[in-house]
Each structure stands twice: as structure tokens, then as C-alpha cells.
Amino acid sequence: MILGLISLSLYLSSAYGLSFEIPATPPSNASKTLAEAPVGVSFEFFAYPAYFTDVASTETCLENLKDLTGVWPPMRIGGTTQDRATYDASLTEPVSYTVASATDAPETLTFGPSFMEMAADYSGSVTLGLNRRLDNIANTISAAEEAVSVMGNLYAIELGNEPEFYVDTDPIADGETWTAADDYASQVLWQEEVCGNLSSTDIISAGVYFGTSPETIQGLTAVEGDANVYVKDYCSHNYPQSASTADLETLMGHSDITTEIEPFAAEVAAAVAMGKEHVFGETNSATGGGGGISPTFGAGLWILDYVMQSLLMGTKALYFHQGTIGDCQYCWWGRYDMGSPYFGAYFATMALAGADQIAELDDQTTSFAAYAIYKDNTPTKALLYNSEYYASGTRTYQVFTLSGLSGSTVTAKRLTAAYATSRVDEGESPTVAGQKFENGTCTLTGEATVETVTVSSGSAQFSVGASEALLVYL
Ligand SMILES: *[C@@H]1O[C@H](CO)[C@@H](O)[C@H](O)[C@H]1NC(C)=O
Ligand SMILES: *[C@@H]1O[C@H](CO)[C@@H](O)[C@H](O)[C@H]1NC(C)=O
Ligand SMILES: *[C@@H]1O[C@H](CO)[C@@H](O)[C@H](O)[C@H]1NC(C)=O
């Protein structure tokens with residue numbers, strides 16, 4: 001009987017109770033010093049001007065993030081169509097192309113000086129993706145010169161996008177199979193010639209590789225040599241899933257995220273060894289429309305935990321891709337509806353606002369994550385995430401006990417939705433502290449709900465439902 005009770009209580013504490021002590025100062029496995037705004041956006045090159053001229057939500061959705069951190073989210077302009085674009089100094093519009101259907105991406109396009117003038121008007125930093133695939137280095141240098149001259153906010157320039165997908169018929173490949181070695185040599189040569197003409201250093205976002213094979217930052221940095229001086233950062237792209245693999249439970253699972261990003265650790269290390277930052281310069285949940293998982297609340301929860309884990313791995317910033325307007329499953333907002341993933345990005349930005357370090361308190365082997373968030377070596381917030389997949393039936397709740405707290409109460413804000421599968425366009429908007437973002441404008445609406453939790457003897461208990469997260473203000 002007694003043994004039975006002991007094993008029952010052990011069972012209860014492991015299955016129903018999770019306890020974490022908040023370290024009073026950042027522990028040894030805390031992140032390095034964070035950027036002010038690690039959560040950024042990437043706009044597909046051809047669609048970028050229309051996001052600002054034709055989509056009313058764009059400015060407000062970005063401003064909402066700025067209002068949390070005090071800094072406009074970093075922006076990257078690029079993608080597949082950067083490698084289809086030719087600069088035309090006489091073009092008056094920002095971009096010019098024709099497509100058969102409004103939701104097609106153009107096979108070829110031109111862009112003019114006003115493209116860069118528009119980017120210069122953004123109040124945050126901008127990484128601009130330019131063309132290498134078409135092998136017209138003089139044209140890319142002209143565009144880069146214009147960018148440098150008008151964009152006071154220019155952070156970096158990319159020379160080509162996802163070059164592992166270049167094929168022998170691409171002009172840069174000159175009829176040959178494009179190998180990793182070809183790409184490394186080409187990147188270094190272009191860095192030297194572009195930066196030689198610009199008389200600039202520390203300006204290239206290098207690599208721009210999709211995943212970690214066959215081309216890698218490790219391979220590129222091995223041959224960078226003195227050209228490393230031209231590099232601002234080394235860049236990876238990451239899409240954990242595709243339409244054919246689409247599995248939301250895996251996408252948002254805490255330990256699954258750990259497993260998914262693990263191969264990038266060596267890429268980060270290679271960048272750091274060169275004295276440079278690593279970024280996820282383009283990322284989102286799933287390629288090819290995402291098989292239905294991309295517009296869901298679970299994809300927003302993925303963003304939240306993926307951002308935290310990537311920052312702990314040493315990445316500086318993540319730029320979440322916004323693609324073709326009207327045909328973009330993972331987009332954070334559109335002309336008409338909000339996207340559920342935006343709520344996760346907003347919550348991640350809330351958690352990181354004003355922070356200079358984060359530390360993970362769990363060991364990444366379960367569905368439950370706990371992070372301590374620091375400012376000036378003092379814990380200011382804790383982020384709790386229950387990544388259990390909830391799509392039907394009765395929601396389960398996980399109790400997290402946090403100790404090492406001071407004061408008699410703490411407050412908390414909750415990120416939730418009806419289900420992990422909830423989509424705004426299907427009438428199930430997530431909420432952040434009880435509030436929503438209006439369709440078509442991205443205005444934060446509704447009354448904020450802040451929960452108050454009693455602290456006793458330095459500890460407090462928090463209940464977090466399956467497919468929910470809670471941000472505790474210490
Ligand atoms: C400028 O770019 C051209 C290629 O268009 C290259 O041949 C030349 O070496 C570059 N100049 C410098 C100073 O790097
Ligand atoms: C970080 O260290 C703490 C101890 O301070 C440990 O409990 C936790 O599991 C570690 N987390 C990771 C992700 O290594
Ligand atoms: C947004 O529009 C969808 C229909 O497309 C609707 O079901 C949903 O309730 C709207 N969300 C808000 C917050 O108004």
C-alpha cells in the first residue's frame with residue numbers, strides 16, 4: 001500500500017507536475033546577447049512593393065511588433081524571384097512584370113531605383129536580395145550601388161538565392177552541373193567584385209542556402225579566406241515541412257523542433273568561427289502550400305518555440321517569408337484575413353521585447369518547454385509552452401510550478417485558440433491575452449485579459465492547456 005502510494009505520487013509528479021527553478025542570473029546554457037528584434041519578415045522580391053501599396057495590414061502588422069520592442073522588425077527582400085530580376089535604372093515603377101494569373105509568380109521581371117527608394121523609407125533594417133543566377137554581375141553591381149547610395153537602412157545584400165537549386169541551363173552554370181564547389185568559388189568571386197566596386201566591407205549576407213545539404217555554410221567558410229571581410233552574416237533558409245510531409249503535431253512539437261533545427265548548429269558554429277552572425281534569412285513552416293498546416297494556430301506555436309530554440313542555438317534573427325499575395329498559406333496576413341501564425345510571431349516578440357538573454361529550463365526531451373527571460377542579468381519573464389497537439393475532444397492541462405519567484409503575485413498573458421488547427425479564415429481566431437487582430441487592418445482589438453497568480457514561498461503554479469503558451473511577467 002505504502003509503496004503503491006509512493007509510486008502514485010512519483011507518477012503524479014512526473015505526469016502532472018513539472019517544476020522549474022528560475023535561475024536568479026542567466027545560467028551557463030543561456031543564449032548569447034540577443035538582438036533587439038530577432039523576429040523579422042522576408043518579402044518575396046516581386047511581391048514586396050505590392051505588400052506596401054496594396055495590402056492595408058502590412059504597415060500595422062509590422063508596427064504592432066515595433067510597438068512591443070521599440071524597433072521595427074528587420075526586413076529581408078528576396079526569394080526565388082530575386083534570381084529572376086534584372087535592374088533597370090530607367091524604370092519608373094518599383095517593379096515590372098506580366099503574369100497570366102494574379103496569383104502567379106513572374107518568370108522574369110525588372111526593378112527600378114524606386115524599388116530601393118521604397119525600401120529606404122522603411123524604418124527598420126533591410127537585407128536586399130540581388131541576382132546571381134543570371135550571371136550578369138555588372139547589372140547586380142549597378143543595383144547594389146543604387147541600394148548603397150539611397151538606403152540608409154541597408155543591412156546586407158544577398159548575391160543569389162538558394163543556389164543549390166541552380167541547374168546547368170542557368171546562365172551562371174554555363175551549361176555545366178552546378179556543384180557545391182562551383183557555388184563556393186562563385187560566391188567568393190562575386191563578393192570580391194561586388195564589394196570591390198562598392199568599396200564596402202561587412203555587407204554581404206552569404207550562403208543563402210536552403211537547409212544543410214548539399215551546400216553548406218561550413219563548406220563556404222572553408223574557402224572564404226580574405227573575402228570573409230566582405231561578409232555581414234551567413235544565412236540559412238529553413239522550411240521544416242512540405243505539402244507532402246505536412247504533419248502539424250510534428251511541426252509544433254517541442255522536442256521535434258529541437259531535432260529539426262539540430263543540423264543547423266554546425267552552420268551557426270561555422271559562421272561564429274568566422275566572427276560573423278548566423279541568420280535564418282528566409283524561413284517558414286512548409287513549402288509548396290504546406291498541405292493545410294501552414295495557416296493554423298499550431299504553425300503559430302511552432303514560430304514561438306522555433307524562435308526561442310534558434311536563438312538559444314546562436315542564430316541572430318529569423319525572417320519569416322511572406323510570399324505571393326493571394327496565394328500564401330503561411331503568410332501572417334493577407335488583404336482580407338489575418339493568418340493564425342501572426343499570433344505566434346507577436347507572442348514571441350512580446351516574450352523577447354526588452355530582453356537581452358533567454359535560457360531554457362527544460363531538457364528539450366518532452367512536449368513541455370520553459371524559458372527564463374533576462375534583462376540586465378535579472379529574470380523578467382518566463383515563457384511556458386505546452387506543445388501537446390490538441391485538435392479534438394477534451395483539452396488537457398499541464399501544471400508548471402515555477403520557484404525562485406519574488407513578490408506575492410505575478411501576472412501572465414495567454415496565447416490560445418480553440419484548437420491547434422484553428423484558422424482565422426475559418427472563423428477560429430487565436431487570441432493573445434484575450435485580444436485579436438482585425439481582418440484587413442491588423443489592428444489589435446478587444447480588452448486585454450491579464451491573469452494574476454499568487455506566489456507563495458517563492459513559488460507559483462501555472463496551468464497551460466495542450467497547444468497553448470503562457471508568458472509570465474516576474
Ligand atoms: C568591378 O566589377 C567588375 C565586374 O563587373 C570586375 O571585373 C572588377 O574587378 C570590379 N572592380 C573592383 C575594384 O573590384
Ligand atoms: C540548461 O541548464 C539547466 C540547468 O541550469 C538544465 O536544467 C536544462 O536542462 C538545460 N537546458 C538545456 C536545453 O540544455
Ligand atoms: C476574419 O474573417 C473570417 C472570415 O474570413 C471570420 O470568420 C473571422 O471571424 C474574422 N475575424 C475577426 C477577428 O474578425
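Q: How are α6 and α7 oriented to each other, roughly parallel or oblique?
A: Two packed helices are described by the angle between their axes and the distance between the axes. In this predicted model, the axes of α6 and helix α7 (residues 217–224) cross at roughly 55 degrees and come within 9 Å. α6 and α7 are therefore oblique to each other. Angles under 35 degrees count as roughly parallel, over 145 as roughly antiparallel, 65 to 115 as roughly perpendicular and the rest as oblique. Axes are lines fitted to C-alpha atoms, for helices over the stretch in contact, and angles run from 0 to 180 degrees between N-to-C directions. Helices (H or I, at least four residues) and strands (E, at least two) are DSSP runs, numbered from the N terminus.

Q: Which hand does the crossing of α6 and α7 have, left or right?
A: A crossing is left-handed if the near helix is turned anticlockwise from the far one by less than a right angle, and right-handed if clockwise. For α6 and α7 the crossing is right-handed.

Q: How are α3 and α12 oriented to each other?
A: Helix α3 (residues 57–69) and helix α12 (residues 341–352) have axes that cross at roughly 20 degrees and come within 9 Å. α3 and α12 are therefore roughly parallel to each other. α3 passes α12 in a right-handed crossing.

Q: Which residues are around ligand 1?
A: A residue is near a molecule if one of its heavy atoms lies within 4 Å of it. For ligand 1 these are I137, I141, E192, E193, G196 and N197. The protein covers 50% of the 360 Å² of accessible area that ligand 1 has on its own (Shrake-Rupley method, 1.4 Å probe).

Q: Which helix gives the most to the shell around ligand 1?
A: α6 does, with four residues. α5 (137–150) and α6 (180–198) each supply at least two.

Q: What conventions apply?
A: Residues are numbered from 1 along each chain as its sequence is written, chains are lettered from A and ligands numbered from 1 in the order in which they are written. Local features need pLDDT of at least 70, side-chain atom pairs count only at pLDDT 80 or more, and totals for chains, interfaces and linings use all residues, while side-chain values use heavy atoms, with hydrogens and water left out.
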